[in-house]
Amino acid sequence: MVLTHTTSHTYSHPFPTVTLAFFLRYCSPQLNPFASHVLSTDTISSHVDRDTGRLHTTRIHLKKSRLPPGVMKLLPSSLTGGTTDKASYILETSIVDMREGWMATESRNLNFVGVLSVVERQLYAVPKTKPAADNTDVETRVVFRSRLGERIRDRLGQAQAQAEAAVNEGGGGFFARLGARGVQRSIETLASTKTQDQLGKSREGMCMILERLRQTGIMGVLELRKMASQRGPAEVAR
Amino acid sequence: MSQSLAPECNEVKERYDTCFLKWYSEKYLRGMGTTDNNECAALFKEYNSCLKGALKQRGIDKLLDEAREDNRENDATLMGKKK
C-alpha cells in the first residue's frame, strides 16, 4: 500500500540562489528556525561529472523522528532496529545541472524502513513558460510506504491458512486482514499528514534563507553562521 | 553550520562546508569550475576519513549499502526524466 503526495510551488528567486538555499537550508537554527528538528548534516560525497558538468552530492541528515514516541514504543524492536533513539537518518542525493537549469533531489529515510519508507523527490527548474528569470519552479513528490502491515498480513496469512484447512470459513481471516491494513493505513496517513505540515515549514525555511541571501549574499550568510557557531552550541536552540 | 553526527569531525566539517559553499556560489553557479571541485578535495578527504569511522560505528555504512542497491533503479528514473 502506497500513498503519494505531489505539490508544486514557485519561488520568486532566481534558480542559482534557490539551489544554494537548498544546500544551506539546515545550516543554522539562526538562519532557519524551521530546521530545529535537524540534529546533524554530513556530506559523504560530492563530485562534478566531467562530461555533463553536473554536480552530484550525497548528504546524511539526522532528524528527529516523524513518528510520535507512542507509536515507536509499540513497535517491536525487530522493526525499529532495536534502537531506543527516536532519530532517523535521512539520505539526501542531489544533482545540479547549471547549464540546463535544473536540480533533482531525493531524500529517503535509512532506518525504520521496515515501519515506514518515505521518499521525497524534488525537481527545481527555471520556468519554461514565461521568460521569468527571477523565478524557480519546484515540484515535490512524496511517496509513503508502510511495510509493517504487509509483514503482519504475511504472518496472519500463514496462521489463517492452517485455520482454514480445519474450518472452511474465512471470517477471522477477513478481520485479521482488515486489522493489518488498518495499521498500515494509519501509519501512512499519520506520516503523510505530518509531512504536509513539514513541507509548509520547509518552504518557509527556504524562504527565510533566500531572503537572507538577497539581503547579505553568501558571504553575509557565512559570516552569520560563523558567529552563531562561535556563540557555542549551548545557545543554539534545538 | 549544523553539527556533524560525529562531534570529533565538527571542526573539519566546518572548514569543508565553508570551502564548498564558497566554491559553489562563486564558481559553480557562475559557470566556472564545472569540470571539477578540486579546491576543496583535500579538506573533503580529511573530513571523510574522520566521518568514515563514525558511520561504521553507528551501522550507517550498512544502511547506505542497502539504500544504494535500492536506489540504482531510482537514479535511472531521475536521470531518465531529464535526458
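These exercises with worked solutions concern a predicted model with chains A and B.

**Exercise 1**

Determine which strands stand at the edges of the seven-stranded sheet in chain A.

Solution. Begin with the strand order of this open sheet, which is β1-β7-β6-β5-β4-β3-β2 in chain A, paired in the antiparallel sense. In general, the strands of a sheet pair through backbone hydrogen bonds, either parallel or antiparallel. Next, look for strands with a single partner: these are β1 (2-11) and β2 of chain A, so each has one side without a neighbour in the sheet. From one strand to the next, the twist averages 15 degrees.

**Exercise 2**

State how many bridges join β4 and β5 of chain A, and name the bridge partner of Ile90(A) in β5(A).

Solution. Strand β4 of chain A covers residues 87-97 and strand β5 of chain A covers residues 102-109. Their antiparallel pairing runs over eight bridges. Within β5(A), Asn109(A) is the bridge partner of Ile90(A).

**Exercise 3**

Locate Thr52(A) and decide whether this residue is buried, exposed or partly exposed.

Solution. First, the position: Thr52(A) is in the loop between β2 (38-48) and β3 (55-64) of chain A. Second, the count: Thr52(A) has 15 C-beta neighbours inside 10 Å. A buried residue needs 20 or more and an exposed one has 12 or fewer, so Thr52(A) counts as partly exposed. Third, a distance: Arg99(A) is 47 residues from Thr52(A) in sequence, while their C-alpha atoms are 8.8 Å apart in space.

**Exercise 4**

Solution. The buried residues in α1(B) are Lys13(B), Tyr16(B), Asp17(B), Phe20(B), Leu21(B), Tyr24(B) and Ser25(B).

**Exercise 5**

Describe helix α2 of chain B: where is its kink centred, and which of its residues are buried?

Solution. The kink in α2(B) is about 25 degrees and is centred on Leu51(B). Leu51(B) is also one of the buried residues, with Phe44(B), Tyr47(B) and Leu55(B). Just after α2(B), Gly59(B) has a positive phi of about 75 degrees.

**Exercise 6**

Find which element of chain A gives the most residues to the side that touches chain B.

Solution. In total, 32 residues of chain A contact 29 residues of chain B. The elements giving two or more residues to this side of chain A are α1 (15-24), β2, β3, β4, β5 and α5 (171-230). Of these, β2(A) gives the most, with eight residues.

Methods
Residues are numbered from 1 along each chain as its sequence is written. Chains are lettered from A and ligands numbered from 1 in the order in which they are written. This is a predicted model: local features need pLDDT of at least 70, side-chain atom pairs count only at pLDDT 80 or more; totals for chains, interfaces and linings use all residues. Helices (H or I, at least four residues) and strands (E, at least two) are DSSP runs, numbered from the N terminus. The bend at a residue is the angle between axes fitted to the seven residues ending there and the seven starting there. Two strands pair if DSSP finds at least two bridges between them. Axes are lines fitted to C-alpha atoms, for helices over the stretch in contact, and angles run from 0 to 180 degrees between N-to-C directions. Two residues are in contact if their C-beta atoms, placed from the backbone, lie within 7 Å.
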